Amino acid sequence: MEKKSNVWTEVVGGKVKKPGKRGRKPAKIDLKAKLERSRQSARECRARKKLRYQYLEELVSSRERAICALREELEMYKQWCMAMDQGKIPSEIKALLTGEEQSKSQQNSSRHMKAGKTDANSNSW
């Protein structure tokens, strides 16, 4: 190692190396091209950010609509409960109950018919 003008240098294979200058030298990059790449990158970043915010805004608005629908449903159930506490059965509940009874009777009759068909099929063997 030699000291030349306050900088330590090392001679390796006939070449003088200076500390702090490791690796390949950066190629001469066209400043205009570098600036344009930077601008393009910034444009793309802003576009991604805009899309992300749009997505989040849509998500928030859909959740708010769902919350409103659930609040309306809750209010309807509260009114039904208040009516039943007063001894009145709301027409909606009556319709639900009669609908369930009809669907149960239809299910039972279809089960009996299916069972009859399987019995008939087993006898035909």
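Of the 125 residues of the protein chain, 4% count as buried, where buried denotes under 20% relative accessible area, exposed over 50%, and partly exposed the range in between (1.4 Å probe, protein chains only). The chain exposes about 12400 Å², of which carbon and sulfur atoms supply 56%; accessible areas come from the Shrake-Rupley method with a 1.4 Å probe, and for residues only the protein chains shown count as cover.

The model is predicted: local features need pLDDT of at least 70, side-chain atom pairs count only at pLDDT 80 or more, and totals for chains, interfaces and linings use all residues. Residues are numbered from 1 along each chain as its sequence is written, and side-chain values use heavy atoms, with hydrogens and water left out. The average pLDDT of the protein chain is 80, and 67% of the residues score at least 70; pLDDT is the predictor's confidence in each residue, from 0 to 100. Confidence is lowest in strand S1 (residues 2-4), with a mean of 53, and highest in H1, at 96.

Two helices and three strands make up the secondary structure elements of the protein chain, in the order β-β-β-α-α from the N terminus on. These elements are DSSP runs, numbered from the N terminus, with helices (H or I) of at least four residues and strands (E) of at least two. Helix H1 covers residues 31-85, and its 55 residues should span 81 Å at 1.5 Å a residue; the end C-alpha atoms are 80 Å apart, which agrees. The expected span is 1.5 Å times one less than the number of residues. Gly87 follows H1 and has a positive phi, near 90°.

One aromatic pair is found in a search of the whole structure. Tyr77 and Trp80 form this pair edge-to-face, at 5.5 Å centre to centre and 75° between the planes. Rings of Phe, Tyr and Trp (its six-membered ring) pair if their centres lie within 6.5 Å; planes under 30 degrees apart count as stacked, over 60 as edge-to-face and the rest as tilted. Both residues lie in helix H1, three residues apart, about one turn of the helix. An α-helix has 3.6 residues a turn, so residues three or four places apart point the same way. Tyr77 is partly exposed at 37% relative accessible area, whereas Trp80 is buried at 13%.

The whole structure contains one salt bridge, defined as a side-chain nitrogen of Lys or Arg within 4 Å of a carboxyl oxygen of Asp or Glu. Glu36 and Arg43 form the salt bridge through their side chains, at 3.1 Å from N to O. Glu36 is partly exposed at 38% relative accessibility, and Arg43 is partly exposed at 38%.

Zero disulfides are present, a disulfide being a pair of cysteine sulfur atoms within 2.5 Å. Cys68 is partly exposed at 44% relative accessibility, and Cys81 is partly exposed at 42%.
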